[in-house]
Amino acid sequence: MSFSSTAKDEICTLQVTDDCCVMAELCALTLVCGNLKINSSGVHIHYNTENMAVAKRIYGTLTRVLKIDADIQVKDNLLKKKHSYTIAVDNAMLLLSVLGLEGNLLSDAVPPAYMLEKECCGICVLRGAFLGGGTVSNPKKNYHLEFVLNSEAYANVLCKLLKNNQIQAKTIPRKQNFVVYLNEGDSIAAFLALVGAYSSILNFENVRILKEMRNNVNRAVNCETANINKTVNAAMTQVSNIRLIDQHIGLENLSDTLREAAEMRLSHPQATLQELCELNGTTKSAMNHRLRKLNAIAQDLNGN
């Protein structure tokens, strides 16, 4: 089961008791996954989803809470190797009236203003939109949560609701739809907490911690590797320069301090600067100055 499906299954176990919040959640679901169907028998609404828990939640809200007749159909999706669910409501006009949509499921349809003004209902609108058309990626791969909507007006409403809850979202067009998305770990965690997916948050945060630890270890290893390479390259350059000086001038013709530093480096070509200091009983600044002096002499020889 995907991380997204697990989160939705968990959210669907939440009990919503306030009538206004029940209406807000179903209204959001209707605008995301509800479709008007017109035939000889009248106007119907079909809710389509691939998540069984979401299908049960829609059906239960319609039949047990609103007392509206509905039928549920299960179809096999051979391409995706999973089931798809359709909840059909015959009396579409009654349902839309109850939800405050007044028969409107067109591209500019949004939840009624009174649902958006109440904080509790605004959260339920976000929850319903996620259940109906939202997905969240497995945090082991990347951080991404999105709502796929068929209305730019609805996308703007969701962005505003998220902003009211200190969650910044972005909107982009995608084919015939509009996508509201979050791509930061903190924002996704805040959203999951807002809609009540608490177990999913724990799993999400555990993965984030492990990823951060791995990243820190990798950065430390890369930094250490870079330092080692830098030390080795510097030491090899110093050895090469000292041999050049010995060939053209002779180490015995150097000052005592430079000769000792040169012989120490030749004897310990892989030693760090600190290790050379410990072997020679001098400070890092003094040893570094002597090695730089030897490099300068070699550069002069190369120039000549």
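This is a predicted model: local features need pLDDT of at least 70, side-chain atom pairs count only at pLDDT 80 or more; totals for chains, interfaces and linings use all residues.
The largest pocket holds about 520 Å³ of space. Its lining takes in 22 residues, and those nearest the centre are Ser5, Lys8, Glu50, Asn51 and Lys82. Elements that give two or more residues to this lining are α1 (3–11), α2 (19–33), β2 (42–49), α3 (52–65), β4 (82–89) and α6 (119–133). Helix α1 gives the most, with 4 residues. By class, the lining of the largest pocket has 8 nonpolar, 10 polar and 4 charged residues.

The second largest pocket has a volume of about 310 Å³. It is lined by 16 residues, with Leu14, Gln15, Arg57, Thr61 and Val65 closest to its centre. Here α2 and α3 are the elements that give two or more residues. The biggest share comes from α3, with 7 residues. This lining is made up of 8 nonpolar, 3 polar and 5 charged residues.

Glutamate 50 deserves a separate look. It is among the residues nearest the centre of the largest pocket, and it sits in the loop between β2 and α3. Its relative accessibility is 34%, so glutamate 50 counts as partly exposed.

**Salt bridges**

The count of salt bridges comes to 7. Three of them are set out here.

| Pair | N to O distance |
|---|---|
| Arginine 127 and glutamate 25 | 3.8 Å |
| Glutamate 146 and arginine 174 | 3.0 Å |
| Arginine 208 and glutamate 205 | 3.4 Å |

Take arginine 127 and glutamate 25, whose side chains meet at 3.8 Å. This pair links distant parts of the chain, from helix α6 to helix α2, 102 residues apart. Both arginine 127 and glutamate 25 are buried.

Next come glutamate 146 and arginine 174, at 3.0 Å. Glutamate 146 belongs to strand β6 (residues 145–149) and arginine 174 to strand β7, so the bridge ties together parts 28 residues apart in sequence. Glutamate 146 is buried because its relative accessible area is 10%, under the 20% cut-off. Arginine 174, at 36%, is partly exposed.

What separates arginine 208 and glutamate 205 in helix α9? They are 3 residues apart, which means about one helical turn. Arginine 208 has 19% relative accessibility and therefore counts as buried. Glutamate 205 has 27% and counts as partly exposed. Elsewhere, salt bridges with shared partners join Glu25, Arg57 and Arg127 into one network. Arg57 is also one of the residues closest to the centre of the second largest pocket.

**Surface patch**

Helix α9 (residues 198–248) also holds isoleucine 209. Together with Leu210 and Met213, Ile209 forms a nonpolar patch on the surface, and the three have about 300 Å² of accessible area together. Isoleucine 209 is partly exposed, at a relative accessible area of 48%.

**Positive phi angles**

Which loop holds glutamine 166? It is the one between α7 (152–164) and β7 (170–174). The phi of glutamine 166 is positive, near 60 degrees, although the residue is other than glycine. At 67% relative accessibility, glutamine 166 is exposed.

Lysine 175 is not a glycine either, and has a positive phi of about 55 degrees. Its loop runs between β7 and β8 (177–182). Lysine 175 counts as exposed, with 83% relative accessibility.

Note on methods
Residues are numbered from 1 along each chain as its sequence is written. Side-chain values use heavy atoms; hydrogens and water are left out. Patches are made of residues with over 30% relative accessible area and no salt bridge: like charges are joined within 9 Å, nonpolar side chains (Val, Leu, Ile, Met, Phe, Trp, Tyr) within 5 Å. Accessible areas come from the Shrake-Rupley method with a 1.4 Å probe; for residues, only the protein chains shown count as cover. A salt bridge is a side-chain nitrogen of Lys or Arg within 4 Å of a carboxyl oxygen of Asp or Glu. Buried means under 20% relative accessible area, exposed over 50%, partly exposed in between (1.4 Å probe, protein chains only). On a 1 Å grid over the protein atoms alone, a cavity is a set of points where a 1.4 Å probe fits but cannot get out, and a pocket is an open set with protein on both sides within 12 Å along at least five of seven lines; lining residues have an atom within 4 Å of a point. Grid points are joined across faces, edges and corners, and a volume is the space filled by probe spheres set on the points. Ala, Val, Leu, Ile, Met, Phe, Trp, Tyr, Cys and Pro count as nonpolar, Asp, Glu, Lys and Arg as charged, and the others, Gly among them, as polar.
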